[in-house]
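Morning, everyone. Please look at the model on the screen, and we'll walk through it together.

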Amino acid sequence: LSPNPEDAVLPGDWNMKFDDLQRMIMIRCIRPDRVIFMVTRFIELHMDRKFVEPPSFNLQEIYDDSNPFQPLIFVLCPGVDPTTQLQALADKLGRNLKSLALGQGQAPLATRLMAEQAKTGGWVFLANCHLMLSWLPKLEKLIDDLPAQKPHDNFRIWLSSTPHEKFPIAILQQGIKMTTEPPTGLKSNLIRLYNLMTDQRFNHPKYPELYRPLLFSLCFYHSVLLERRKFGALGMAIPYDFNDSDWEVSENILQLYLDEMPDGSTASIPWDTIKYLIAEASYGGRVTDDWDRRTLGVYAAQYFHPDCVTISSHKLSTHEEYFIPSLDGTMISYKEYIMTLPVIDPPDAFGQHSNADIASQITNSMALLDTLITINSALLR
């Protein structure tokens, strides 16, 4: 089978007879695993590339649209924690952020924090509201009373919760709702991780020519582990919920050991220590299968290697488009390189055979077509 049937020349004069839509229908009949690729290309040609690239999550814009009386609600998804982004925004705007993980006995403290921050213009972040559903009617009343209290203009109340049927509808109706669902694909995950980085942290390491390429390797490592789940049993024996905290701990490890080096030579980098702490402790702490643990170790050995900081454009996979773009680039240059990566990841970017993702591609194609049928059925009624 052709690896890219959407690019193949049709026999006879069928190449001239078929338009793009008809060609896409033919691919659907013959190669359902390539429907997503055809749809992506069709949208890029007839609309714009921006419609196939998910927009980055911009917390600053959401804050600008809010007011002191509206709760801002994070709808939580597995693998993503908004705490770091929220703290970074608070630091950037000079706001005093008080965070509280809700649970048994935390109601009086949460009430007091809201009252204090409403007077001073600080922010309150009440995390995991789904763990304290019995108190949420009281929270609803506190939010309803905010206009009468005339809080400071800078005051904001942030909430986080998993979807739950008993979450008060009134709070949802009043608030601004945000989903922090992790993006799909290496490109989207890489750009999201770089958006989590502050300029201060990126620009002020002790040895930037070592830190920046290894940071890119770490971001690529994290993205690959997240995306391997799409291969099913061929990716991981057991699916794991790796999240931002794993990446943040690993980034702290990387910066700590680089900053403590006596000099900036490659020989001074404690490679074995860094690989062990990242692959075996930070990410490996979640892993229970021996073969999965071995997979993490193989990736770590490939991505945390002396060639990463000595060879320009060091390849991170057999696919030619995935490499470390610069040994000492700026934040903008790294993001610009990431934006040139393919929207749909080839299997060899993960070290997999080209047939490894056929099952997941067919599943995604059928889900797309089922959704289109559902939407059209609803519109026709």
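Helix α13 has buried residues, and what covers them includes α10 (186–196), α11 (199–203), α12 (208–227) and α14 (271–282). Helices here are DSSP runs of H or I, at least four residues, numbered from the N terminus. This is a predicted model: local features need pLDDT of at least 70, side-chain atom pairs count only at pLDDT 80 or more, and totals for chains, interfaces and linings use all residues. Residues are numbered from 1 along each chain as its sequence is written, and side-chain values use heavy atoms, with hydrogens and water left out.

Which residues of α13 are buried? They are D244, D246, W247, S250, E251, I253, L254, Q255 and L258. Buried means under 20% relative accessible area, exposed over 50%, partly exposed in between, with a 1.4 Å probe and protein chains only.

W247 also belongs to the largest nonpolar core, which has 54 residues. Such a core is a set of buried Ala, Val, Leu, Ile, Met, Phe, Trp, Tyr and Cys residues joined through side-chain atoms within 4.5 Å. α12 gives the most to this core: 12 residues.

Now take Y221, one of those with the most contacts inside the core. Beyond its neighbours within four places in sequence, Y221 touches I278, A279, Y283, L296, Y299, A300, Y303 and F304. Contact means heavy atoms within 4.5 Å.

Last, cysteines. A disulfide needs a pair of cysteine sulfur atoms within 2.5 Å, and the count comes to 0. For C308, the nearest cysteine sulfur, that of C219, is 13 Å away. C308 counts as buried because its relative accessibility is 0%. C29 counts as exposed because its value is 60%.

Methods:
Helices (H or I, at least four residues) and strands (E, at least two) are DSSP runs, numbered from the N terminus.
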